[in-house]
Amino acid sequence: MKPDEFTFKIRDAVCGMETTSGSPYRTEYAGKMYYFCSDHCKRKFIRTPAPYFSGMPHPADDRGSDGIYTCPMHPEVIQDRPGDCPKCGMALEPMRAKSGDQEDPELKDMVRRLGLSTALTFPLLVLTMGAMWPGHSWMAGLPGALQPWVELALAAPVVFWGGWPFFVRAWRSLVTRNLNMFTLIGLGVGTAFTYSLTAVLFPEIFPADVKDMHGRVAVYFEAAAGIITLVLLGQVLELRARSRSGAAIKALLGLAPKTARRLRADGNEEDVALDEVHVGDRLRVRPGEKIPVDGVVLEGVSWVDESMLTGEPLDVEKSRGLRVVGATLNGKGSLVMQAEKVGASTMLARIVELTAQAQRSRAPVQKLADQVSGYFVPTVVLAAVLTFAAWIWWGPKPPLAYALVNAVAVLIIACPCALGLATPMSVMVAVGKGAGMGVLFKNAEAIEILRNVDTLVVDKTGTLTQGKPKVGQVIPAPGTSEQDVLFWAAGLEKGSEHLLGAAIVSAAQGIALETGTEVQSITGQGIAGKVKTQNVVLGNRAYLESAGVGTQDWEKSAEALQQAGHTVVYLAVEGKIMGVLGISDPIKPSTLPTVQKLQALV
């Protein structure tokens, strides 16, 4: 994939509609590139840009949009400071991922609340449900009149401290009229606790019909505390899933080097932090170092490992005028390059942005869950109101007590502790795990569609094979031995960074080699030079014929090697073919069982 072919989604700053970085409607303002869905929006922005540019994130911005936050469940919610989503109550997260091991403060807080809530809820459940267990005589020592007060003491910290964030979100959902899961949790738990507290403090206001044989009113402290604890558990699981997914993105960010070696105008060199590299800077990439940013080669020749980007294990030759991509690994040669894309404009940064956007995207089933939730919450509230009204109107005396008890029962039973958690959490886990394994999803919908795939097309080299070619067969000319063929071929390839050349040198281990001189190579064709003052040519058929070496007598041998899965390399010394080599990439041991398992799924 070429860098220019890599596009990403972005929101139109004027109308808010989704467009892409490939949109022809774009303009630059204050050093940033803005993209639009239509020419109308572009012209409107150009006329009065101020109202639109202040709070809108732009992936084209190299630095400075780290302070933009969005909701993982509602990407349309964007603000310039941390906080909670006004629609679902979830904590907003930065739109741009950062490298490092920053601790999630929300996860830390929720884990602390879950720990205390679990420690108090467990004995509360044992206390209230213990009487249903066989052999519960151990509870006989607790006076009946004291039990509600003990339940109150255990439940109060869970509800007021453990569940405080949920009450805040519930209140915000009511104020903003975005009813959600926390609306029901707040109403259900709040009503249950308030009712139970009233029953403990003022039992005389309740009718005799709702009291037990000891004159006590049933309380719901364990239900209130249990719901809070379960919701906290769901929040912790979700936040940990988000944290693991974020770790996969941080791992991608970690592929980039931390520094670059910049060439100053006076000819001296200096190591600078990567965020200090600017477009136009001249950078030196030494052997074995990673390419710092995207750019073009000015000087030098080397082979670069681009498997991070393409998955292809074969190194790619880079010389003057050819483009290099940041985070790819330079080989044994030294390069001088000019930076063309830095910061958020590099290929790696755009891959990270794509992965982050995929995490925040919404699958069709998730949208359906949101629609159901949008109808479900007001329906439950309406059902509780109607229940309350029905018991007030037709219920026995005192009607208020009966109405309150039954309305509370509706809210508690309908409280959807996990509504809205399962789908977004599964999407985040899938995207994060995929990113960690080198699989990038364009959006959440792609994950859902993946279940319908019945055909898998895979690249052979490095996927089904080991990605490390080996010489499988050597056919020498009459009067020449295999060792002679390897001597001339390996001598020419000695010091080469090409995988096929390395395979030939590896096959010649134990042979005393002469290093080739005046070596010249043509990518994809072959290599020529001198070994012991003899002119040696090594390459494919077309390369040798272009050098004036005839290959007709070796057609059958070459065809036999090709049918056996080998790449054929011809060797000629002083214009005469000395033999041919068959080089192949061994199949991974795991390939056959993997293919068999995939076939069994069809």
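Predicted model: local features only at pLDDT ≥ 70, side-chain atom pairs only at ≥ 80, totals over all residues.

Q: What makes the pair of Phe193 and Phe221 edge-to-face?
A: Two tests apply. Ring centres must lie within 6.5 Å, and planes over 60 degrees apart count as edge-to-face. The centres of Phe193 and Phe221 are 5.5 Å apart and their planes meet at 70°, so the pair is edge-to-face.

Q: Why can the pair of Phe193 and Phe221 be said to tie together separate parts of the sequence?
A: Phe193 lies in helix H6 (residues 181-201) and Phe221 in helix H7 (residues 221-253). The two parts are 28 residues apart in sequence, so the pair ties them together.

Q: How do you know whether Phe193 is buried or exposed?
A: Buried means under 20% relative accessible area. Phe193 has 5%, so Phe193 counts as buried. Phe221 has 0% and therefore counts as buried too.

Q: Which residues do ring pairs link into a cluster with Phe193?
A: Phe160 and Phe221 join Phe193 in a cluster linked by ring pairs. The count of aromatic pairs in the model comes to three.

Q: What makes Phe487 and Trp488 an aromatic pair, and of which kind?
A: Their centres are 5.2 Å apart, against a limit of 6.5 Å. The angle between the planes is 80°, and over 60 degrees counts as edge-to-face. The pair is therefore edge-to-face. Phe487 and Trp488 are both buried.

Q: Which residues of the largest nonpolar core touch the most other members?
A: Phe166, Ile185, Val189 and Phe221 do, in a core of 34 residues. Helices H3 (105-129), H4 (147-162), H6, H7 and H11 (399-414) each supply at least two residues of this core. A second, separate core has 22 residues, including Phe487, Ala490, Ile527 and Met578.

Q: What makes Arg113 a charge over the ring of Trp161?
A: The distance limit is 6 Å from the ring centre. Arg113 lies over the face of Trp161 at 4.8 Å from the ring centre.

Q: Why is the contact of Asp109 and Arg113 called a salt bridge?
A: A side-chain nitrogen of Lys or Arg must be within 4 Å of a carboxyl oxygen of Asp or Glu. For Asp109 and Arg113 the N to O distance is 2.8 Å, so the label applies. The two residues are four apart in helix H3, which means that about one helical turn separates them. Arg113 has 11% relative accessibility and so counts as buried.

Q: How do you know that Arg323 and Glu340 form a salt bridge, and where do they lie?
A: The N to O distance is 2.2 Å, and the limit is 4 Å. Arg323 is in strand E14 (residues 323-324) and Glu340 in strand E16 (residues 335-341), so this pair links distant parts of the chain, 17 residues apart. Exposed means over 50%. Arg323 has 51% relative accessibility, so Arg323 counts as exposed. Glu340 has 32% and is therefore partly exposed.

Q: Which other residues take part in salt bridges?
A: Among them are Arg261 and Glu269, which meet at 2.6 Å, N to O. Glu269 is partly exposed, with a relative accessible area of 29%. Arg262, Arg264, Asp266, Glu270 and Asp281 are linked in a network of salt bridges. The count for the model comes to 15 salt bridges.

Q: Why is Ala13 called buried?
A: Ala13 has 8% relative accessibility. The limit is 20%, so Ala13 counts as buried. Ala13 sits in the loop between strand E1 (9-11) and strand E2 (18-20).

Key
Residues numbered from 1 in each chain as written. Heavy atoms only, no water. Phe/Tyr/Trp six-rings, centres within 6.5 Å; stacked < 30°, edge-to-face > 60°. Buried < 20%, exposed > 50% of the residue type's maximum accessible area, 1.4 Å probe, protein only. Lys NZ or Arg CZ within 6 Å of the ring centre and 35° of its normal. Core = buried A, V, L, I, M, F, W, Y, C linked by side-chain atoms within 4.5 Å.
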